[in-house]
Amino acid sequence: MSSTTKPIEIHASRLCQAIARIGYEPQIALMDIIDNAVAARASDIKVSIFLAKGKTLKNRNSVHKYQIVDNGIGMTDSEISDAFSLGANGKYAPHSLSKYGMGLKSAGLSLGTRIHIVSKKHGAISSRQTFDIDLIEKRDQLVIQVSDLNDTEKNYYARLLSSESGTVVEIDGCERINHQSPSLTVKKLEDHMGVVYASFISKGLSIGVRVCANDDPDFRMISPFDILFREKAKAWDPDEFDYVSPYLLLQEQWKPPLVDGKTVPPIPLVAVAFPQDKLGDPGSPLTEEQQKTVKGYRVSRPNSGFFIYRNDRLIRWGDGLDGLITKDEYNLRIRMDLTEEHDDIFHVDVTKQRLEIDDEIHARLKRVVDDSKTSAKLIMQKCTQFRKKPTGTEGAAFSELSANVPEDDPDEMAHGTPTEESLNRQQSQAQDAESMLSNTAGVEDDSAKFGAKPFAKVRYTSAVNYSHLWTPFRDAKEGVFVCININHPFYTEFMKDLTDNSPERLLLESLIFGAAVGQINTIANLDEVDIDDIKAVFARFHNNCGVYLSGFTAENLNLLDQ
């Protein structure tokens with residue numbers, strides 16, 4: 001029997017579309033590109049997210065451009081072309097964060113339709129090379145566009161690449177990709193990168209993140225974060241539990257069962273259990289300093305389970321591993337440290353985010369962690385018995401719950417860039433908001449403090465119209481916030497007596513905030529109606545609401561006593 005070979009066709013456009021849909025969230029895609037900078041031995045990495053004109057942090061699909069700048073070893077023109085090739089050419093260095101050579105393309109195309117690279121190596125700045133999915137589709141051929149930099153561009157990239165070597169990766173065409181709000185992306189980046197790159201940052205890597213809206217803000221630097229708090233963890237003793245400390249339940253070098261005589265290095269396993277998160281709320285039996293300590297652990301269901309590292313880089317966050325850790329065991333965290341030598345055992349995929357465990361290994365691992373699960377459940381039971389109903393700070397709970405809820409006008413989401421009139425109205429709203437922030441910045445009371453993190457979306461103040469229960473504002477970057485009148489009878493007789501983080505208070509705040517978003521978006525975007533007419537309508541609306549609620553309050557003063 002004879003055989004021959006023949007080439008097969010590659011449809012470049014369809015291939016790129018498939019690569020773009022591997023399944024990245026924006027923050028995961030950005031971290032995959034950061035991995036390349038780490039692999040290039042960068043000591044400084046800066047991530048900038050540029051907002052589209054007329055968009056805020058709270059709008060979906062509002063990114064104009066992503067930019068990642070590093071001071072790694074840099075690339076020549078030829079090396080940039082190689083970086084755009086599909087698949088790795090040769091073997092990676094031991095303990096590399098890379099695996100298949102697909103990360104830049106798959107991550108970049110999940111963020112936008114064009115990936116640009118300009119690099120500097122040994123003091124020489126390259127041309128700009130672009131992987132453009134529209135150009136590839138037009139030609140149905142894997143091509144990159146190479147552009148010489150003009151003097152203005154050379155000066156711009158020279159400022160970005162101030163070291164002897166480094167690389168700039170820029171992704172645009174982002175408006176065609178359906179994405180979460182930049183607010184959510186930045187939050188996830190800030191929450192995750194300190195954990196993902198903890199080992200690298202501890203050894204000197206610097207990572208900064210910022211959002212630009214026609215400005216040049218400072219970068220917010222990422223600090224290393226050991227999500228297991230191993231240095232604070234105490235040895236577990238049920239009789240010595242203090243309701244504040246994390247407790248070390250497991251620490252061993254685990255040897256997974258293998259067949260065919262294969263050998264791999266043992267896998268370090270560490271399990272730590274934490275006190276219940278509600279003990280960190282104001283009003284719990286703990287002292288204020290102890291509450292702060294417990295809150296700092298970030299105990300929650302998303303932050304529980306297995307934290308799996310590969311070559312010191314986190315690849316799985318809070319994985320239950322097919323039921324090994326359940327949703328009720330949310331105070332238990334287990335760290336597993338893999339190297340590339342374990343890739344085949346755990347079937348690490350192209351994104352280095354997903355893995356699979358065979359039944360035999362799963363069963364053995366279950367037996368290893370079962371005692372830790374039992375101890376973690378006992379800690380939860382002790383905390384439940386100890387905890388009392390918490391009280392907190394007005395507006396803070398709602399601000400946390402709403403931090404990542406979009407505030408888009410549904411009638412405008414498909415219209416692209418706002419009209420000039422809408423932009424002018426948004427600018428006027430931003431000026432009003434700035435004035436309100438300035439007028440109330442010095443107020444000291446029990447309400448959510450202005451400028452606190454997360455950004456206070458509900459603020460309790462007397463610096464608004466006396467007859468109105470609430471007044472909405474729109475910050476140019478942070479979006480809508482609402483000021484609730486602490487002198488209005490509805491507040492003094494009803495809202496004030498509701499625990500600040502109770503479902504009743506939160507639902508009232510959500511209704512008020514929803515009305516505020518509706519008012520702000522209507523005023524800004526209904527540009528076919530005269531602005532003075534719209535403002536007059538809402539002024540009358542608020543007068544009617546305020547008077548009715550005052551009357552209702554007067555007739556039902558003892559309502560909450562019933």
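1. Buried denotes under 20% relative accessible area, exposed over 50% and partly exposed in between, with a 1.4 Å probe and protein chains only. Strands (E, at least two residues) and helices (H or I, at least four) are DSSP runs numbered from the N terminus.

2. The model is predicted: local features need pLDDT of at least 70 and side-chain atom pairs pLDDT 80 or more, while totals for chains, interfaces and linings use all residues. Residues are numbered from 1 along each chain as its sequence is written, and side-chain values use heavy atoms, with hydrogens and water left out.

3. Strand β15 (residues 332-338) is largely enclosed by the rest of the structure, because seven of its seven residues are buried.

4. Strand β12 (residues 267-273) runs antiparallel to β15 and is joined to β15 by five bridges; Ala273 stands opposite Leu332. Strand β13 (residues 305-310) pairs with β15 in the parallel sense over six bridges, and Phe307 has Arg335 as its bridge partner. Pairing requires at least two DSSP bridges between two strands.

5. Elsewhere, helix α2 (residues 26-39) packs with helix α4 (residues 103-111) at an angle of about 145°, their axes 9 Å apart. Axes are lines fitted to C-alpha atoms, for helices over the stretch in contact, and angles run from 0 to 180 degrees between N-to-C directions. The contact (heavy atoms within 4.5 Å) includes Leu30 and Ile33 of α2 and Leu104 and Ala107 of α4.
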